[in-house]
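Colleague: I am new to this structure and would like to learn how to read a few of its features. Could we go through them one at a time?

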Amino acid sequence: MKYTLMRKDNCLATVEIGNTGLIKVYEVEENKKELLPLCQTKDITNELRKWWNDRAIPLTQCGIQNNFKPNGAALPSEYLQKNLGLSLTDYYWVNPIDSNLTWSQVSLFRNDFNTKKNFEKEESEEGKFSPNASLLGNLEKYWNIDKSGKRVLIKGNSDKLSREAINEVIVSEINRLQGYDNYVTYNLLDVDNRIYKLACSCEDFSDEDNEFISAISVIESKKKRNEINYLEHFKNICEEHGMDRGQLQYDLDYMLFMDFIISNTDRHWNNFGIIRDAKTLKFKRLAPIFDSGNSFFVKEVVPRSLKEITGIEINSIKKTEKQQLELIEDKTIIDMSKIPSGSFVSEQYRRDEIMNEQGKELINAIAEAYEKKIKIAQNVQQGDLK
């Protein structure tokens, strides 16, 4: 079936999407290239094909069967197609070639949409679309609309312990105590139909005027020079698109050093990005810090010794924390006097009745390892990078 690739009401390209959701690009509007999804322009056809494939909800996402199968889709790409490729992070969608649909009719930022309730299967209503078809990540999650009309993301956990959800709340509070102004606030929610008891929620930081672009999309939009690393490449592109480099360096330093303190192992290129102005296409600022759930040793045995604590593997910009620390220009950016103690972390974990009853030793081990990490961070600020 043929579609027009759209950005709001701008026609960007003619494409065909097969029965399995795979896309074929026929014609690109030459005078609209700057409005295309951020990509290298030398091979737009393949870039757009990759962009579309990467846009679909991953098969590795927990609970995915409750999304696309109730909607009559066999694959995530087909589920994406049925929902016109719509997202709550940007303004791209595909419009059937013989359709009179407009952005005002399909925008998920202003219209009701199909979604789940309490992590159950998605409820589908004729004439409505789902933002969950383009929702990335491995944890079970879904978009909802709260009573005030705000778009809210609900996110679960990987096992019966609610550690990922609680970690998001812990990190939100640490950022608040720092007085930092560019982070996502998470709140805990009670859950009664999952193996875990708590989930977390946060408001969408994109809207009709501000879109999110992942860091991976930024660095892949232009060929990197051999003599620079990928983070420098990222900063150069952001500056070329109008972002203040000083502010960007400040935000990157803060994010990376905070990740070190909380032992976040998952700050890969899809877990941060930039906010772009919808009208001017100017890069405004690094996106608010989000997705810090894989912190406090959540995916591994809690380390005991200093050597073990600093030797954990990370899936981030670099492969080790020491390498990542070397990317930070201002290591004094975090006020260590405002970092809460291990007792605060323990208190937050005890909000989960399962952890409080079955994981007391785990809670103590996490708090002790975190206290050691605080001391290591203090030493780093004093120039000891060993």
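**Salt bridges, burial and surface**

Modeller: A search of the whole structure finds 23 salt bridges. This is a predicted model, in which local features need pLDDT of at least 70 and side-chain atom pairs count only at pLDDT 80 or more, while totals for chains, interfaces and linings use all residues. Residues are numbered from 1 along each chain as its sequence is written, and side-chain values use heavy atoms, with hydrogens and water left out.

Colleague: What is a salt bridge here?

Modeller: Side chains of opposite charge can pair when their charged atoms come close. The cut-off is a side-chain nitrogen of Lys or Arg within 4 Å of a carboxyl oxygen of Asp or Glu. One case is Asp-251 with Arg-285, at 2.8 Å from N to O. Helices (H or I, at least four residues) and strands (E, at least two) are DSSP runs, numbered from the N terminus.

Colleague: Is Asp-251 buried or exposed?

Modeller: Buried means under 20% relative accessible area, exposed over 50%, and partly exposed in between (1.4 Å probe, protein chains only). Asp-251 has 0% relative accessibility, so it counts as buried.

Colleague: Which residue forms a salt bridge with Lys-155?

Modeller: The partner of Lys-155 is Asp-291, and their closest N and O atoms are 3.3 Å apart. This pair links distant parts of the chain, 136 residues apart: Lys-155 is in strand 6 (residues 151-155), and Asp-291 is in the loop between strand 11 and helix 9. Both Lys-155 and Asp-291 are buried. Another salt bridge joins the side chains of Lys-128 and Glu-125, at 3.2 Å from N to O. Lys-128 is partly exposed at 25% relative accessibility, and Glu-125 is partly exposed at 43%.

Colleague: Which residues are linked in a network of salt bridges?

Modeller: Glu-232, Lys-235, Glu-239 and Arg-245 are linked in this way.

Colleague: Where is a positive phi found in a residue other than glycine?

Modeller: Lys-8 has a phi near 55°, and so does Phe-296. Lys-8 is in the loop between strand 1 (2-7) and strand 2 (10-17). Phe-296 is in the loop between strand 11 (283-286) and helix 9 (306-310). Lys-8 is partly exposed, with a relative accessible area of 23%, whereas Phe-296 is buried at 1% relative accessibility.

Colleague: What is Gln-348 in contact with, leaving aside its neighbours within four places in sequence?

Modeller: Contact means heavy atoms within 4.5 Å. With those neighbours left aside, Gln-348 is in contact with Ile-166, Val-169 and Ile-170. Gln-348 is placed in helix 11 (residues 342-349) and is buried, with a relative accessible area of 10%.
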